[in-house]
2 protein chains.
Amino acid sequence: MLDVAREAGVSVATVSAFINNTARVSPGTTGRIETAIRRVGYQRNAVARSLKLGKTHTIGLTVPHITNPFFTEVVAVITQAFDRAGYAVMLFCTDENLSNQDEQIRLLLDRMVDGLIVARVGDDEAFGNIVRTAKVPIVLIDRLCDGIDLDAVVLDNKAAVFEAIEYLARLGHKRIGYITGETDIATMRERDAGYRAALAARGIAFDPLLVRRGDFHEKDGYSAAMQLMTLPDRPTAIFSANNPMVVGAMKAIRDLGLRCPEDVSVICFDDFPFADVFQPQMTTVRQPVEAIGEQAVAMLLDRINGNAPTDPRRLTLRGRLMIRSSCVAVPAASSEPQSQSA
Amino acid sequence: MLDVAREAGVSVATVSAFINNTARVSPGTTGRIETAIRRVGYQRNAVARSLKLGKTHTIGLTVPHITNPFFTEVVAVITQAFDRAGYAVMLFCTDENLSNQDEQIRLLLDRMVDGLIVARVGDDEAFGNIVRTAKVPIVLIDRLCDGIDLDAVVLDNKAAVFEAIEYLARLGHKRIGYITGETDIATMRERDAGYRAALAARGIAFDPLLVRRGDFHEKDGYSAAMQLMTLPDRPTAIFSANNPMVVGAMKAIRDLGLRCPEDVSVICFDDFPFADVFQPQMTTVRQPVEAIGEQAVAMLLDRINGNAPTDPRRLTLRGRLMIRSSCVAVPAASSEPQSQSA
DNA sequence: TTGTAGGCGTTATCAT
DNA sequence: ATGATAACGCCTACAA
């Protein structure tokens with residue numbers, strides 16, 4: 001910019017005023033500055049600008065796994081929304097790892113991001129401390145944080161799972177396998193509650209043998225389904241609390257020589273682009289990904305611009321059961337224990 | 001940091017020296033500084049640091065669509081690799097839009113990223129100009145740039161498509177529909193060449209009616225397949241040059257009351273997590289996404305650290321045909337023109 | 001309308 | 001081993 005000023009024969013202040021048009025500059029100088037900028041090949045330095053202004057126009061985003069289609073879509077929506085708003089987003093994948101997350105958030109804060117959107121993992125207090133000392137707004141998505149009250153947009157997980165299990169029960173299923181994550185994640189506890197509530201509402205006894213907890217990865221779903229489907233009294237339906245795990249579950253079912261939906265009905269949490277393309281067409285619980293992303297961005301932008309109430313806002317959205325062909329009514333016979341029919 | 005210095009009763013220079021241990025500081029001061037840091041709640045300011053050092057430890061990444069599973073996985077690999085290397089990554093989706101891309105790259109350059117990885121879109125000269133004036137290293141992935149010689153890691157697209165079409169021809173297919181992108185993208189031109197070469201190698205006449213160009217989105221694949229499958233002499237096989245378009249194609253096939261692979265064999269470019277989970281299990285051309293991501297990161301890091309030869313390096317990786325169940329041999333009858341059998 | 005100068009938080013040079 | 005001080009490139013009073 002100094003070069004530009006010299007080249008144009010004016011002062012840096014004038015150049016700055018022109019660039020940010022923060023003050024009127026005469027047509028003559030305007031022209032000289034414009035050509036000077038071109039000649040010098042001037043490029044603004046956002047870093048110096050940020051240092052001075054205390055604003056980076058950058059936000060940080062951390063998600064557990066970007067390859068999980070739910071997060072893929074949310075990330076897509078969020079990056080695009082921020083792009084439109086003139087913000088850049090720094091993306092990190094925590095990989096469900098607590099220390100990764102803490103370190104990444106620290107990094108983001110060091111870089112003076114103007115705000116943070118985090119789909120947090122685990123339940124440690126380090127996160128709480130970070131949040132408390134952070135001077136920038138944070139909005140949580142997908143997973144709440146027990147101790148701390150922050151802006152958040154989440155799903156009514158209990159209701160969503162309730163509806164799915166209810167649907168299965170209506171189809172006559174009484175032994176419903178449930179593949180889920182560890183209970184240190186609030187979202188999972190809510191889904192668990194939905195499962196149990198639906199069972200209770202239908203008068204089906206809760207059988208701890210039917211719930212398997214994994215770490216959200218495909219392999220966890222695989223081994224969970226393996227165990228479930230080799231139980232003496234195996235389930236006639238399986239619900240998976242996330243998408244990667246259902247991939248594993250489907251593979252296990254296939255490897256066991258079983259078929260879906262003939263031998264076992266399957267529902268999973270989170271819709272995905274291929275769900276209605278292949279056979280079976282997977283029945284899923286669809287989260288309103290666009291709304292989640294858009295609302296989270298809007299909330300954060302409101303905070304950044306000081307347009308938000310001081311109290312944290314929590315938005316709870318509803319999921320939607322996308323009924324397709326991966327679930328069928330259980331035949332009268334197979335609703336009986338397998339051991340009897342063998 | 002000034003606060004820390006005051007609190008510890010030392011100078012900022014000493015604090016800085018301690019933090020970056022760029023000089024020996026006595027045990028006594030060390031202790032005082034440490035407690036001061038804690039008491040003050042000091043957090044380093046990476047922006048000021050970047051301004052001074054001329055390095056942001058941040059890189060920019062732009063891809064056409066993050067929801068395309070190929071890019072999802074590449075982005076995942078790249079963000080993780082950079083994370084391990086201590087870099088943050090700013091992610092942008094160009095949405096196949098030239099002006100988006102140019103603007104985003106400009107933004108990234110303003111922010112003084114240390115390097116850029118771009119899966120570029122289109123073929124405009126604005127990009128060339130940006131590249132020429134950029135003072136930071138750039139590595140291209142997936143799509144080359146005609147005019148300019150840059151570090152790049154790409155696929156041998158021609159060979160990959162050749163192998164796929166060859167496979168179809170071996171199965172007896174003579175009318176092979178080809179759904180692809182516009183020819184302004186080098187990658188697509190290479191894939192086209194592979195298609196034509198395979199046809200030629202098998203003595204199959206090229207029929208322009210069988211190639212449909214879209215804009216990479218699902219809807220383009222849908223209408224392309226719709227047109228293809230309602231041709232008087234419709235194809236017995238379809239190859240889709242990307243993944244979102246094959247989703248559309250499969251939906252069109254379904255909506256036409258046709259089945260895959262019984263009525264039409266299908267192959268698509270880019271593997272995806274669900275490919276071998278549902279029916280039909282999709283035969284795909286798998287790109288080595290991990291290698292692409294890792295190598296691109298390594299190349300960029302090499303440049304950043306000055307460990308690279310001055311000549312641009314180009315890495316060309318091989319694709320792999322993942323043969324599953326979406327393609328079958330064409331029955332003798334249906335290899336004849338449909339009009340005759342009707 | 002335009003110029004001067006101070007400071008944003010760091011790091012680096014040179015003294016001490 | 002530690003301190004004073006000058007940049008890094010920009011913005012903004014304030015002055016002219």
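**A walk through the predicted model**

P261(A) sits in the loop between α11 (243-255) and β9 of chain A. Start there, and keep in mind that this is a predicted model. The peptide bond joining C260(A) to P261(A) is cis, with omega at about 5°. P280(B) belongs to the loop between β9 (265-269) and β10 (283-286) of chain B.

The backbone has further points to check. Most residues other than glycine have a negative phi, and most peptide bonds are trans. F216(A) is not a glycine, yet its phi is positive, about 75°. Look for F216(A) in the loop between β7 (211-214) and α10 (218-229) of chain A. F216(A) counts as buried because its relative accessibility is 4%, and buried means under 20%. In chain B, D270(B) also has a positive phi, near 85°, and is likewise a residue other than glycine. D270(B) lies in the loop between β9 and β10 of chain B. Its relative accessibility is 4%, so D270(B) counts as buried.

Now step back to the layout of chain A. The chain is divided into domain 1 (2-44), domain 2 (55-155 + 288-318) and domain 3 (157-286 + 322-335). Domains 2 and 3 are each written as two segments. Between the C-alpha centres of domain 1 and domain 3 of chain A there are 64 Å.

Turn next to the charged side chains. Side chains of opposite charge can pair when their charged atoms come close. Over all chains, the count comes to 46 salt bridges. One of them pairs R84(A) with E294(A), at 3.6 Å from N to O. This pair links distant parts of the chain. R84(A) is exposed, because its relative accessible area is 59% and the exposed class begins over 50%. E294(A), at 35% relative accessibility, counts as partly exposed. E294(A) can also be placed against V153(A): the two are 141 residues apart along the chain, and their C-alpha atoms are separated by 9.9 Å.

Another salt bridge joins R286(A) and D271(A), with the closest N and O atoms 3.4 Å apart. R286(A) lies in strand β10 (residues 283-286) of chain A and D271(A) in the loop between β9 (265-269) and β10, so the pair ties together parts that are 15 residues apart in sequence. R286(A) is partly exposed, with a relative accessible area of 23%. D271(A) counts as buried, at 12% relative accessibility. Both residues belong to a network of salt bridges that links D271(A), R286(A), E290(A) and R324(A).

Which salt bridge joins two chains? The side chains of K251(B) and D276(A) meet in a salt bridge, at 3.6 Å from N to O. K251(B) is in helix α11 (residues 243-255) of chain B and D276(A) is in the loop between β9 and β10 of chain A, so this pair joins two chains. K251(B) and D276(A) are both buried.

Other charges gather on the surface. D95(A), E182(A), D184(A) and D215(A) form a patch of negative charge there. For D95(A), find the loop between β2 (88-93) and α6 (98-110) of chain A. D95(A) counts as partly exposed, because its relative accessibility is 36%.

The surface has a nonpolar patch too. M1(A), L2(A) and V12(A) make it up, and together they have about 230 Å² of accessible area. V12(A) lies in helix α2 (residues 12-19) of chain A. At 34% relative accessibility, V12(A) counts as partly exposed.

End in chain B, with V75(B). This residue is in helix α5 (residues 69-84) of chain B. V75(B) counts as buried, because its relative accessibility is 1%. V75(B) and A237(B) are 162 residues apart in sequence, and their C-alpha atoms lie 31 Å apart in space.

Conventions: Residues numbered from 1 in each chain as written. Chains lettered and ligands numbered in written order. Predicted model: local features only at pLDDT ≥ 70, side-chain atom pairs only at ≥ 80, totals over all residues. Heavy atoms only, no water. Domains from an automatic or database assignment. Patch = residues over 30% accessible without salt bridge, like charges linked within 9 Å, V, L, I, M, F, W, Y side chains within 5 Å. Areas by Shrake-Rupley, 256 points an atom, 1.4 Å probe, with all protein chains shown as cover. Salt bridge = Lys/Arg side-chain N within 4 Å of Asp/Glu carboxyl O. Lys, Arg positive; Asp, Glu negative; His and termini not counted. Charge placed at Lys NZ, Arg CZ, Asp CG, Glu CD. Helix = DSSP H or I, 4+ residues; strand = E, 2+ residues; numbered from the N terminus. Buried < 20%, exposed > 50% of the residue type's maximum accessible area, 1.4 Å probe, protein only.
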